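Student: Can we go through this one together? I'll jump around a bit.

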Amino acid sequence: MTNLVIVESPAKANTIKSYLGQSYKVVASKGHVRDLPKSTMGIDIENDFEPHYINIRGKGDLIKELKKEAKKADRVFLATDPDREGEAISWHLAVSLGIPVDKVNRITFNEITKSAVKDAIKAPRSLDMDLVNAQQTRRIFDRIVGYKLSPFLWKKVKSGLSAGRVQSAATKIIVERENEIRAFNPQEYWTVEAILETEKGAYFSVRYYGDTATREKAELTCSADADRIRTAVEGKPFTTVEVKKGTKVKSPAPPFTTSTLQQEASRKLNFQSQRTMRVAQELYEGINLGSDGGVQGLITYMRTDSLRIATEAQNAARDYIVEKYGDKYCPENPRVYKSKATAQDAHEAIRPSSLKHDPQKVKKHLSTDQYRLYKLIWDRFIASQMEGAELATVVADFDCAGNLFRTRGYTVKFNGYMAVYEESQDEVDEDKNKKLPPVSEGDVLKNHSVEGTQHFTEPPARYTEASLIKFLEEKGIGRPSTYTPIITIITTRGYVSRDGKSLVPTPLGEVTTKLMSEHFPDIVDYKFTAGMEDRLDSIEAGEAEMISVLHSFYDGFKVELDRAMESVSKDDIEIPVEETDIICDLCGSKMIVKNGRFGKFAACPNYPTCKSTKPLVKKEVEAPEKKQEIAPFKCEICGGDMVLRTGKFGSFYACVKYPECKFTKQKVRELGVKCPDCGSEIITKFGRNRTVFYSCSKYPECNFSSWDMPTNEKCPECGGMLFSKKGRNQLVCKKEGCTFKKDAHKTEEAEN
């Protein structure tokens with residue numbers, strides 16, 4: 001019996017291929033094979049929103065090859081991602097390949113491990129058309145909004161604009177925050193701080209709190225208030241009124257969901273959400289660990305809103321904690337976290353797929369980004385199953401002339417989960433590790449100095465990717481798989497720009513949001529957008545019908561669109577121009593920024609009378625110092641550290657003592673192919689004129705090398721390794737006495 005397994009990505013195909021036997025062939029569809037056409041809307045609104053799907057351009061040869069493989073196979077397994085999008089890809093594959101939908105062997109797994117893949121193969125199911133219809137509904141919604149609203153914006157604002165259902169709501173969020181900042185009126189306030197000294201000469205600070213008699217907090221709103229307190233206590237001793245000591249237990253944060261992973265990776269690693277999800281996808285699909293386990297998927301599925309953890313994984317974590325940290329770090333009962341009421345809970349939380357792959361152990365097989373994100377996921381998961389931290393807290397009150405001063409702080413009594421991980425905070429915790437010297441009630445302390453400080457209240461901070469994703473999740477706007485595309489779209493299309501980590505609306509974004517809010521309030525309304533997500537969830541659960549949901553939206557939307565097309569005039573809309581410091585050589589005006597087919601440029605504002613233009617020269621900004629990746633080996637000449645550098649021909653390791661020591665070593669890339677002579681990993685190297693060749697990683701113990709790329713395919717005649725012939729679309733066997741050749745198809749190996 002021959003079995004065909006179709007997955008989305010070549011990387012996942014390589015991983016799964018290593019788990020299954022010779023009777024299974026694993027191929028990749030490389031994402032969707034069918035979609036709505038790009039040149040037209042592709043939705044027949046009059047005929048109950050019937051979508052018109054076509055084969056994606058450039059996928060014709062791939063579809064033919066998949067059809068051929070499907071006809072040869074006794075069974076076809078569709079193993080795309082375990083979510084709506086993955087279910088839709090499987091459905092499109094079934095239709096394109098002519099496989100009856102009721103005979104489709106659909107398999108899913110939350111983690112790409114040998115046991116999970118084999119268990120899935122044993123329990124195939126049919127396609128879930130409720131999941132498919134939920135994805136179709138989202139796609140049709142977004143296509144209608146995009147194709148109907150974008151022409152409206154072209155006519156009324158400027159050509160080239162686009163509108164979207166969720167992106168418009170996200171842009172509005174950022175615009176509203178900017179308006180809050182502009183409207184903010186700073187309020188003055190003061191603090192009075194005294195430095196006290198104990199009998200043993202220990203110093204600590206206390207801050208004015210209020211009146212000692214009432215114990216109520218008082219605000220100092222001006223310098224006169226601060227001066228009054230400072231004058232009343234200056235030079236006078238302080239008496240300890242009360243000292244409260246206690247113990248507080250702080251529990252660990254739950255394991256990651258998609259949203260919290262993106263937020264924490266932004267705070268701790270400075271990753272944009274797109275970078276986070278790209279690296280997480282690589283960790284999920286599989287990493288070649290060489291002799292440490294072959295190709296392995298290191299984490300569970302990374303698009304999830306659930307906090308659920310499999311019992312097997314919980315028990316493994318508890319065993320690991322006891323072994324590495326001791327019994328006192330493991331709670332009596334496993335920690336269980338409750339997901340939000342709105343969570344789909346289709347998959348587990350994000351966690352390591354196996355605790356055999358410690359981050360330090362597999363670090364040599366990972367890129368810097370992969371290691372940092374994997375370690376973050378590992379640490380968060382392990383910490384989530386550990387005992388809470390015990391904090392020794394103290395709050396002390398002091399009286400001076402009827403004025404109450406207070407200080408507070410805490411120290412870590414037992415670190416618990418903090419031995420592994422601490423969640424990032426948006427604001428600095430001033431009380432952390434703040435120690436108070438021994439004081440008792442009734443102690444009289446020397447007043448060393450008193451100082452008043454002026455402050456002003458600050459406006460709300462601009463959104464960062466982390467805080468925007470948090471807001472979207474809280475409001476129910478979008479789902480785990482959509483957060484990254486939302487941010488990518490609003491930045492690439494010019495509605496929002498980046499200022500460091502902050503997201504700032506552009507003039508175009510503000511004008512478009514104002515127009516959308518006035519004429520299409522539903523599209524940019526948070527509750528409406530969140531409600532639409534709930535309707536999609538209802539379709540997925542089989543509780544709502546796709547056509548009725550589409551009609552309930554479109555009927556009102558069409559009325560709004562027709563009214564706006566009649567009432568809005570382009571003359572009423574003005575987009576603020578961005579001025580530069582560049583002076584026009586012809587008329588002396590300050591030039592403005594314009595967008596052209598090759599990007600931004602400076603143009604005279606008096607066009608068409610004056611047609612002067614100039615290129616925009618970016619200001620030289622001193623780049624921040626980058627952290628250097630240190631190699632796991634030392635310099636072979638002087639014994640110093642080796643660091644990763646980039647040169648004309650790619651990455652290499654160089655001695656940190658350069659130029660005193662000029663030793664370098666090429667950074668090699670493993671192919672995931674075993675040496676035919678000794679079974680070690682094959683790596684790439686540079687040969688004559690910097691051309692690439694392939695060599696055994698055990699050289700010089702093993703002398704295998706080849707100018708042609710070795711592959712994982714076996715010769716059908718002699719069982720030897722097939723090589724991809726350089727300069728030809730051909731696979732050949734190089735085993736002595738064997739003359740087998742065949743045409744090579746565009747596989748992952750050939751493309752690399």
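Student: What volume does the largest cavity have?
Tutor: The largest cavity has a volume of about 80 Å³. A cavity here is a set of points on a 1 Å grid over the protein atoms alone where a 1.4 Å probe fits but cannot get out; points are joined across faces, edges and corners, and the volume is the space filled by probe spheres set on them. This is a predicted model: local features need pLDDT of at least 70 and side-chain atom pairs count only at pLDDT 80 or more, while totals for chains, interfaces and linings use all residues. Residues are numbered from 1 along each chain as its sequence is written, and side-chain values use heavy atoms, with hydrogens and water left out.

Student: How many cavities of 30 Å³ or more are there?
Tutor: One.

Student: And which residues lie nearest the centre of the largest cavity?
Tutor: Gln167, Ser168, Thr171, Tyr495 and Thr512, out of twelve lining residues. Lining means having an atom within 4 Å of a point.

Student: Which helix gives the most to that lining?
Tutor: α15, with four residues. Both α6 (165–183) and α15 (507–519) supply at least two. Helices are DSSP runs of H or I with at least four residues, strands are runs of E with at least two, and numbering starts from the N terminus.

Student: What about the lining by class?
Tutor: Four nonpolar, eight polar and no charged residues. Ala, Val, Leu, Ile, Met, Phe, Trp, Tyr, Cys and Pro count as nonpolar, Asp, Glu, Lys and Arg as charged, and the others, Gly among them, as polar.

Student: Switching to strands. In what order do the six strands of the barrel close?
Tutor: β9-β10-β15-β14-β11-β16, with antiparallel pairing. Two strands pair if DSSP finds at least two bridges between them.

Student: How many bridges join β14 and β15?
Tutor: Eleven, between residues 389–400 of β14 and 403–414 of β15. Within that pair, Val395 has Arg408 in β15 as its bridge partner.

Student: Parallel or antiparallel in the open sheet?
Tutor: Parallel, with four strands in the order β2-β1-β7-β8. The edges are β2 (24–28) and β8 (105–106), each pairing on one side only. Inside the sheet, β1 (3–7) and β7 (75–78) share four bridges, and Leu4 is partnered by Val76 in β7.

Student: Last one: which residue takes a positive phi in the hairpin of β19 and β20?
Tutor: Gly588, near 80°, in a hairpin with six residues between the strands. The two strands pair in the antiparallel sense over two bridges, and Glu579 stands opposite Ile592 in β20.

Notes: 1 Å grid on protein atoms, 1.4 Å probe; cavity = no way out; pocket = protein on both sides within 12 Å on 5 of 7 lines; lining within 4 Å.
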